[in-house]
Amino acid sequence: MTHQLVGKPVATTLYGQIRKAVQDWKFKGVAPKIVTLLVGSDPASATYAQSKSKTAHKLGIDFELLQLPADTSERQLIQAIEVLNRSPQVHGIMVELPLPVPLDASRVATAIRPDKDVDGLHPANQWANMMGTPGVYPATPQACLRLLHHYGYSLQGRRVTLIGSGRTVGLPLLHQLLQAQATVSVCHVATQDLKPYVEDAEIVISAAGKAHLLQPEWVRPETVLIDIGMSQDSQGRLCGDAHPAAAAKVHACTPTPGGVGPVTTAQLFANLLHAMSLQPADTLLPLHTYPTRAQLRYSPLIFTYS
């Protein structure tokens with residue numbers, strides 16, 4: 001029987017650590033605040049933003065949704081970000097993706113101050129993620145590693161096949177897997193035949209976003225499957241990258257939905273608290289309440305596989 005790697009208990013543990021960090025900041029006179037920018041009225045993006053707003057309220061985090069018209073220019077969006085960069089009351093900034101055409105998500109991400117970049121998409125944070133140096137790392141890759149660790153699956157020396165090499169998930173996840181000493185094979189749009197890579201893997205992590213991509217004859221009963229992809233099948237039903245028969249065949253699998261997603265949301269708020277620990281103290285607190293760097297070390301909030 002397939003073991004379900006459910007995200008809720010992992011997220012619940014992380015939320016407890018976040019609440020403690022929020023309380024510590026408020027004791028020092030600082031109310032953590034995050035601002036999300038939504039350009040246009042994409043229903044899925046708006047729903048996700050509202051969901052994050054509810055979660056922030058439960059955690060005691062101030063949340064502001066800044067909704068801009070669909071015809072907002074890239075210059076206007078970047079100007080709005082620059083205002084938030086300068087505000088001492090704003091500690092984290094997120095931009096809901098996808099952006100309307102012709103806005104360039106890479107240029108917009110680069111406009112966000114690295115130490116307020118909760119999504120971890122600024123080039124400085126991407127470099128930090130690659131090198132394993134201090135920075136804000138993308139949330140979904142960290143969520144995958146948290147899930148595996150929570151359920152007792154080691155990555156050291158394991159054969160891992162990663163499907164997808166996108167900038168927001170696949171590429172940063174590759175670097176995190178390598179830092180965890182996994183032996184990684186990466187498949188992408190130019191990979192001719194996925195089957196041998198999936199068959200050989202002990203752990204398969206799929207972030208392709210293509211319904212039923214992974215076929216049951218490709219996987220083995222001992223395989224562990226982390227299914228990040230989310231799309232709709234021909235009947236409009238929400239599904240992951242794995243065919244249902246493949247998900248039922250493996251040793252353990254994340255459900256869709258309810259697997260990586262809840263942990264990713266929790267990690268975004270953990271990223272906010274971690275970002276605050278990277279921000280200059282004089283932009284956060286009065287001089288007489290400066291904390292030491294040791295007091296701001298919320299190590300559980302940024303996941304490193306040990």
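Into which domains is the chain divided?

## Model and domains

The chain is divided into domain 1 (27-115) and domain 2 (139-259), with bounds from an automatic or database domain assignment. Their centres, taken over C-alpha atoms, are separated by 29 Å.

This is a predicted model, in which local features need pLDDT of at least 70 and side-chain atom pairs count only at pLDDT 80 or more, while totals for chains, interfaces and linings use all residues. Residues are numbered from 1 along each chain as its sequence is written, and side-chain values use heavy atoms, leaving out hydrogens and water.

## The sheet

Helices (H or I, at least four residues) and strands (E, at least two) are DSSP runs numbered from the N terminus. Six strands form an open sheet in the order S1-S11-S8-S7-S5-S6, with parallel pairing; pairing requires at least two DSSP bridges between two strands. Strand S1 (3-4) and strand S6 (183-187) stand at the edges with a single partner strand each, so one side of each lacks a neighbour in the sheet.

Strand S8 (residues 224-227) and strand S11 (residues 252-253) run parallel and are joined by two bridges. Val224 has Ala252 as its bridge partner in S11.

## Helix H2 against helix H10

The axes of helix H2 (residues 43-59) and helix H10 (residues 260-278) come within 11 Å and cross at roughly 60°. Axes are lines fitted to C-alpha atoms, for helices over the stretch in contact, and angles run from 0 to 180 degrees between N-to-C directions.

Tyr48, Lys52, Thr55, Ala56 and Leu59 in H2 meet Thr265, Leu268 and Phe269 in H10, where contact means heavy atoms within 4.5 Å.
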